[in-house]
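Have the structure open beside you as you read.

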Amino acid sequence: SDHSLDYPHAPDAVDWAIHYPTDPGPPEFADVGCGFGGLLIALAPLFPDTRMLGMEIRVQVSQYVQDRIAALRVTPDAPSHYQNISIVRANAMKFLPNYFAKHSLSAIFFLFPDPHFKQRKHKARIISPTLLAEYAYALRPGGIVYTITDVQDLHEWMKSHLDAFPLFESIGEEQLRAEGKGPILDAVYTSTEEGKKVERNNGQKWLACFKRIEVARET
Ligand code: SAM
């Protein structure tokens, strides 16, 4: 359970040098429920100066990602030194604010999140009004929420909650590509293990992205 874990009491209590030894500091991208780490590994060489953190609740999976990053860091001919990506084993639904300070993120990713199909399990979904307030707090104005899923019902759910939340506005794929986010979108579609699985099964992918809006006189 969560009680057996040591969580930082606040973002400034995190020793970022453990995560990013060559350039310590707080991360700017968060991959929530990162699974096996495909997005982090795809983005690391594209944005070598951007620190990124994955959050994954499964112990073995998070350990696997940690080992994978450690191995990539010492691979001589790798396309990057992968010093800018790291992972924490954490329940993002409970402890996201412990890791990410106010307005510290420019991107937050929810790629192929668990669908929790049954109605009574909807509260277990990673997108909900309460959690959106936390995501809006961690994202800086202009920051982007990326969601993608192969489950249409979950897509509608995430979209409707994000649409209804006053601090987010929908932003289309074309607009994002025009703003230079094409490489990120390509990775969102294809880089993760779940995304590849959907491809193998010829499944459909639904993307929905939102911009954290600027608010006048925000406290
Ligand atoms: N994003 C990855 C991908 O696209 O391949 C993984 C997708 S997988 C279907 C969903 C992941 O979210 C699982 O690895 C699961 O363990 C993780 N997860 C579920 N709830 C979580 C939570 N509350 N905090 C952190 N990770 C969570």
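Arg125 sits over the face of Trp157, 4.9 Å from the ring centre. Keep in mind as you look around that this is a predicted model.

**Aromatic pairs**

Two of them are set out here.

| Pair | Centre to centre | Angle between planes | Kind |
|---|---|---|---|
| Phe109 and Tyr146 | 4.8 Å | 10° | stacked |
| Phe165 and Phe168 | 5.6 Å | 40° | tilted |

Phe109 belongs to strand β4 (residues 105-111) and Tyr146 to strand β5 (residues 139-149), so their pairing ties together parts that lie 37 residues apart in sequence. Both Phe109 and Tyr146 are buried. They also belong to one aromatic cluster, together with Phe29 and Phe47.

What about the tilted pair? Phe165 is buried, with a relative accessible area of 15%, and Phe168 is buried as well, at 4%.

**Nonpolar cores**

Phe168 turns up again in the largest nonpolar core, which has 36 residues. Phe168 is among the residues with the most contacts inside this core, along with Leu96, Tyr99, Phe100, Ile108, Ile127 and Tyr135.

Which elements supply at least two residues each of this core? Among the strands are β1 (29-32), β2 (52-56), β4, β5 and β7 (206-212); among the helices are α4 (92-99), α5 (129-138) and α6 (152-164). Helix α5 gives the most, with five residues.

Leaving aside its neighbours within four places in sequence, Tyr99 is in contact with Tyr7, Pro8, Pro11, Val14, Trp16, Leu53, Met55, Val88 and Ala90.

There is also a second, separate core of 31 residues, including Ile41, Leu72, Ile85 and Leu207.

**Cysteines**

How many disulfides does the structure have? The count is zero. Cys34 is in no disulfide, and the nearest cysteine sulfur, that of Cys209, is 19 Å away. Since a disulfide needs two cysteine sulfur atoms within 2.5 Å, the sulfur of Cys209, at 19 Å from its closest counterpart in Cys34, is too far for a bond.

Are these two cysteines buried or exposed? Cys34 counts as buried at 5% relative accessibility, and Cys209 is buried too, with a relative accessible area of 3%.

How values were computed
Residues are numbered from 1 along each chain as its sequence is written. This is a predicted model: local features need pLDDT of at least 70, side-chain atom pairs count only at pLDDT 80 or more; totals for chains, interfaces and linings use all residues. Side-chain values use heavy atoms; hydrogens and water are left out. Buried means under 20% relative accessible area, exposed over 50%, partly exposed in between (1.4 Å probe, protein chains only). Rings of Phe, Tyr and Trp (its six-membered ring) pair if their centres lie within 6.5 Å; planes under 30 degrees apart count as stacked, over 60 as edge-to-face and the rest as tilted. Helices (H or I, at least four residues) and strands (E, at least two) are DSSP runs, numbered from the N terminus. A charge sits over a ring if NZ of Lys or CZ of Arg is within 6 Å of the ring centre and within 35 degrees of the ring normal. A nonpolar core is a set of buried Ala, Val, Leu, Ile, Met, Phe, Trp, Tyr and Cys residues joined through side-chain atoms within 4.5 Å. Contact means heavy atoms within 4.5 Å.
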